[in-house]
Amino acid sequence: MLQKYANPKRFLTLANSVLPWTTCATVILIVAGLYFAFAASPPDYQQGQTVRIMYVHVPSAWMAMFAYAFIVVASAVGLIWKHPVAHVGALAAAPIGACFTLICLATGSLWGKPMWGTWWVWDARLTSVLILFFLYLGFIALANAFDDSSRGEKASAILALIGGINLPIIKFSVDWWNTLHQPASVSKIDMPSIHSSMLTPLLLMGIGFTALFVTLVIIRVRAELASRRINALRAAKIHAEVAGG
Amino acid sequence: MTAFFALIKRDIRIALRQLSDTLIVIVFFVISASLFPFGVGAEPNLLARMAPGVLWVTALLSAMLSFDRLFQNDFEDGTLELLVIAPQPLWLSALAKIAAHWITTGFPVLLVAPLIGIMLNLKPEGLAVLLAAMALGTSIISLIGALGAALTLGSRRSGVLLSLLILPLAVPVLIFGSGAVEASIGGYPVSQQLLMLSGLLLACLVLCPWGCAAALRIANE
């Protein structure tokens, strides 16, 4: 199964047949999610209208972690089975994951201002998402730092594996640090078990964001494979000209 | 194992011949730490409060200066290729180079750290724990840094890139390292933090030489 789609051509056939479905799912789910988020769900009794930020913020946080997990798995597959498309997939997912992480941080900060009275606190969760963002940046920078692109994708795959192992350790140590330095200076709002009128848009947006992620990854992988093919064709043409002339 | 110790000896000898490379790390450590009183004011209590964090952050940053040459010269003159095809497993060679790196940069930083601690008004009861935590912490930094150096070998702008890769991974070291010193100043038990640092060191000892070896193989393809 895995080996079958190491062939870019076969992968593209599959990707092209999946793409319309994921695109439709993205549009429908996010539109429905936004409708429920803005029109059909009540404002929170404590937070008022600002609770609606949650419908973008929480799914982005999910996607930030999901995309990194995807990169780690794809990198492992790429390294272990020397799977070329897996490497391309990991590189394609990285900027998307970084964007989700940034959206998560930005919306969190916008939400924090009215709720906590400050744009940023060194809360354990915020800090670990910030470090996750740095890990994304490192991965992207390393992948693009070599003239030889295959070197870059292998080096960044090793980095992703190490980062994947390190991420729980960082998360744990940041939690520890937070309890050590900041004994509840910010009283976080306890989430009561969430009401279904809020859960519906949240889940819709979550699945919609996942579909968006899959769609964007497929588009980026397709573009990368096409650009490699163009380069290969160009190189072949130059070779033919040199040999012929 | 002869090759292992021979490699350590060779790297130390090279470091001694290019002493300025080692000295620059120490000088940077001292200078950057002594900038803090200018920045935040020389009030003794404030300095004492900040000393553990300042020591750890500056030690980490000064170590960044030393990693770009860890494999670079060997990569350029072909020594690395010989290490890759040598009968000794590559992770063991990588470990030898990391050990030599720690002896030539981590250990001197360790020696200077109490001095800077005293200059920053760190309480004397924190010094012993500072030394213990830094001995563990600098070894971890050497291991993680070597991994970054191996990954960025032959890349463009490897120096900046290296910091971007290593610093986020070094966050736990910073947390437990300065946590240990702060706990000892406050009179709390420090064993938890030191045990966590030891655990991190063991994990890095397993992972980083392996990652280094994989990265060095890719660099030599």
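Helices here are DSSP runs of H or I, at least four residues long, numbered from the N terminus. Phe38(B) is found in one of them, helix α2 of chain B. This is a predicted model, where local features need pLDDT of at least 70, side-chain atom pairs count only at pLDDT 80 or more, and totals for chains, interfaces and linings use all residues. Residues are numbered from 1 along each chain as its sequence is written, chains are lettered from A in the order in which they are written, and side-chain values use heavy atoms, with hydrogens and water left out.

**The A/B interface**
- Chain B puts 31 residues into the contact and chain A puts in 30 (contact means heavy atoms within 4.5 Å).
- Together the two chains bury about 2600 Å², 76% of it on carbon and sulfur atoms (accessible area, 1.4 Å probe, lost on being put together, summed over both).

- One salt bridge is counted between the chains (a side-chain nitrogen of Lys or Arg within 4 Å of a carboxyl oxygen of Asp or Glu).
- That salt bridge joins the side chains of Asp147(A) and Arg156(B), at 3.0 Å, N to O.

**Chain B's side**
- Elements giving two or more residues to the side touching chain A are α7 (127-151), α8 (158-169), α9 (171-186) and α10 (191-219) of chain B.
- α10(B) brings the largest share, 11 residues.

**A nonpolar patch on chain B**
- Leu16(B), Leu19(B), Leu23(B), Val27(B), Ile31(B), Leu35(B) and Phe38(B) make a nonpolar surface patch of about 730 Å² (residues with over 30% relative accessible area and no salt bridge, nonpolar side chains joined within 5 Å; areas by Shrake-Rupley with a 1.4 Å probe, only the protein chains shown counting as cover).
- Helix α2 (residues 19-40) of chain B gives the most to this patch, six residues.

Methods: Patch = residues over 30% accessible without salt bridge, like charges linked within 9 Å, V, L, I, M, F, W, Y side chains within 5 Å.
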